[in-house]
Amino acid sequence: LHGDPSCLTTELRESLTKLSTAGDVQYMFGVVGIPVTEIALAAQELGIRYIGMRNEQAASYAASAVGYLTGRPGVCLVVSGPGLTHALAGMANANMNCWPLIVIGGSSERNQETLGAFQEFPQVEACRLYSKFSARPPSIEAIPSVIEKAMRISIYGRPGACYIDIPADFVTLEVNMNSIKYKECCMPPPISMAEASAVCLAASVIRSAKQPLLVIGKGAAYAHAEENIRKLVEHCKLPFLPTPMGKGVVPDNHANCVSAARSRALQFADVIVLFGARLNWILHFGLPPRYQPDVKFIQIDICAEELGNNVKPAVTLLGDINAVTKQLLEQFDKTPWQYPPESKWWKSLREKMKSNEAASKELASKTSLPMNYYTVFYHVQEQLPKDCFVVSEGANTMDIGRTVLQNYLPRHRLDAGTFGTMGVGLGFAIAAALVAKDRNPGQRVICVEGDSAFGFSGMEMETICRYNLPIIVLVVNNNGIYQGFDAATWKEMVKFQDAVTVAPPICLLPNSHYEQVMTAFGGKGYFVQTPEELQKSLKQTLEDTTKPSLINIMIEPQGTRKAQDFHWLTRSNM
Ligand code: ADP
Ligand code: MG
């Protein structure tokens, strides 16, 4: 659109302007203190929802999730020094995930700098590694234009984090309003399209594929490309594989989804189209032995620097995923083509899906106690509302949960992501619950946490209860990190020796009653050990839309995922 402004009708121009102003920042998360309390108060006065969290880390995670879910950055407001360093975690995570985020940090008074001021720290410099843009406005008058620049940079091109530094003395300074030239907020990001010849070439490479595969990443989800990608899948009858957060762009239960044959699909495809998914560890770098040495990659991405990373792509399509998918669709509209549904490739994928699904179902049907992961997730899946947000983290909990818990809507799964960050879950769940509350009241957020992952931000239970967000937290509790020990073994271990000397690094206190962290603040808590108890508590929590709840689910402490065909599949997330 930006390429040729003359083609914009007045109406479209108006609606775009409306969009850009109506789409201003809606949510601010933070922990207040000197010198930023006034900023939070002012934001509330302007109608921005301010959510006070218990740690800046969780606040920055929440703000970044809002950015992913809404396409407009959430703001994280922090105090100087340690407040800011805690928030670096969320900035790094947002930048690695390519999600927009704006962090506003208070900092020490300018005239005390270098004297050893309270919480003095080189904040602007510290944030450079974690952001696309990091700056301190040179004067109060300059604040609006720096904010505008941060907003714009956070959502234009590849989205990411931005930092704005506000020295303590700014907060108390007075300013003549007339001297401020208010700068209107930026337009929505310009939409770029791929070169026509590259689109033609991509279509012809797809047509000539013997074993094609579409990989749908979280870039496609962020780009709202669901409608067009689904059309492409269905018009051309192509198999697709979502990445963890690409789940739901096309529903997981779509007939062309080959998630259950993930390894085979990646290993034997001869043409792979990447819709906003980087060839990093999540996709095994695009290299053998996980791929054919001569596989042809077609990369679609908004970031030119990404194109060609790790592999030499057959075709690169630089542009917005939604627009580029539309361009591809036009090619197949002009000259219709379908991948034959009776091909050997489809047969081989279907076979593998069937056997993998049968193996998980068998594990799920085990009635021995404590329950295993599969039993737990099959019961959860049975009751999961189709439109719910699924937030998930923990090693096995997230990996196994992903294969069983289905997503039917785009941008409805949030997890440890590109950076593999544990501790994001509760902040993400709070963000999703706020977005749900505003857009679609009654929509639920299910936060599936490992017991270790839960520990990183467990005190956010108070935040959840304070704002009465009806989140359902499931703690899948195996008494440890990856694995733990049962109570009897633990007792034996520490009987004659100090726990400090003998406790294995992976173990956590057995049978911890995490549900009491929820009840401490007035939410509902359940401690469950059997499938029946799990079913009953889930039913109750889903029926009660007025209260948050936590179900602490005891599972086999030594349980792990089902046997994998390849040793390289044993690392978390792979
Ligand atoms: P996943 O973890 O699902 O594999 P990644 O985070 O690795 O996904 O990749 C997402 C990619 O999507 C990034 O390379 C990013 O530049 C790209 N991207 C984000 N928004 C858009 C967009 N609107 N159009 C095209 N590409 C986008
Ligand atoms: Mg655990």
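Helices (H or I, at least four residues) and strands (E, at least two) are DSSP runs, numbered from the N terminus. The model on screen is predicted: local features need pLDDT of at least 70, side-chain atom pairs count only at pLDDT 80 or more, and totals for chains, interfaces and linings use all residues. Residues are numbered from 1 along each chain as its sequence is written, chains are lettered from A and ligands numbered from 1 in the order in which they are written, and side-chain values use heavy atoms, with hydrogens and water left out.

**Stop 1: ligand 1**

Select ligand 1 and its shell. A residue belongs near the ligand if one of its heavy atoms lies within 4 Å of it. There are 20 residues around ligand 1, and R158, K218, T243, R278 and D301 come nearest. Color the shell by class: eight residues are nonpolar, seven polar and five charged. Here Ala, Val, Leu, Ile, Met, Phe, Trp, Tyr, Cys and Pro count as nonpolar, Asp, Glu, Lys and Arg as charged, and the others, Gly among them, as polar.

Which helix gives the most to this shell? Select residues 218-222: this is helix α9, with three residues in the shell.

Now show the polar contacts (pairs of N or O atoms within 3.5 Å; within protein, one must be able to donate a hydrogen and the other to accept it, and residues adjacent in sequence count only if both atoms are side-chain atoms). Pick D301: a polar atom of its side chain lies 2.5 Å from an oxygen atom of ligand 1. Pick D320 next. An N or O atom in the D320 side chain is 2.9 Å from a nitrogen atom of the ligand.

How much of ligand 1 does the protein cover? On its own the ligand has 580 Å² of accessible area, and the protein covers 97% of that. Such areas come from the Shrake-Rupley method with a 1.4 Å probe; for residues, only the protein chains shown count as cover.

**Stop 2: the five-stranded sheet**

Switch to cartoon. Five strands form an open sheet, in the order β8-β7-β9-β10-β11, with parallel pairing. Two strands pair if DSSP finds at least two bridges between them. The edges are β8 and β11 (315-318), each pairing on one side only. From one strand to the next, the twist averages 15°. Axes for such angles are lines fitted to C-alpha atoms, for helices over the stretch in contact, and angles run from 0 to 180 degrees between N-to-C directions.

Select β10 (residues 296-301). Four bridges join β10 to β11, and the two run parallel. Within this pair, I300 stands opposite L317 of β11.

**Stop 3: the six-stranded sheet**

Move to the open sheet of six strands, ordered β2-β1-β3-β4-β6-β5 and parallel in its pairing. Neighbouring strands are turned by 20° against each other on average, direction ignored.

Zoom in on β1 (residues 27-30) and β3 (residues 74-78), a parallel pair with three bridges. F29 has C76 in β3 as its bridge partner.

**Stop 4: backbone details**

Go to I34 and P35. A cis peptide bond joins them, with omega about 10°. P35 sits in the loop between β1 and α2 (37-45). Next, select L369 and P370, where the peptide bond is cis and omega is near -5°. P370 is in the loop between α13 (344-364) and α14 (373-383).

Then find K237 in the loop between α10 (226-236) and β8 (240-242). Its phi is near 55°, positive in a residue other than glycine.

**Last stop: the whole chain**

Zoom out. The chain has 22 helices and 19 strands. Its radius of gyration is 25 Å, close to the 25 Å that the globule rule gives for 574 residues, so the chain is as compact as a globular protein of that length. The radius is taken over C-alpha atoms, and the rule is 2.2 Å times the number of residues to the power 0.38.
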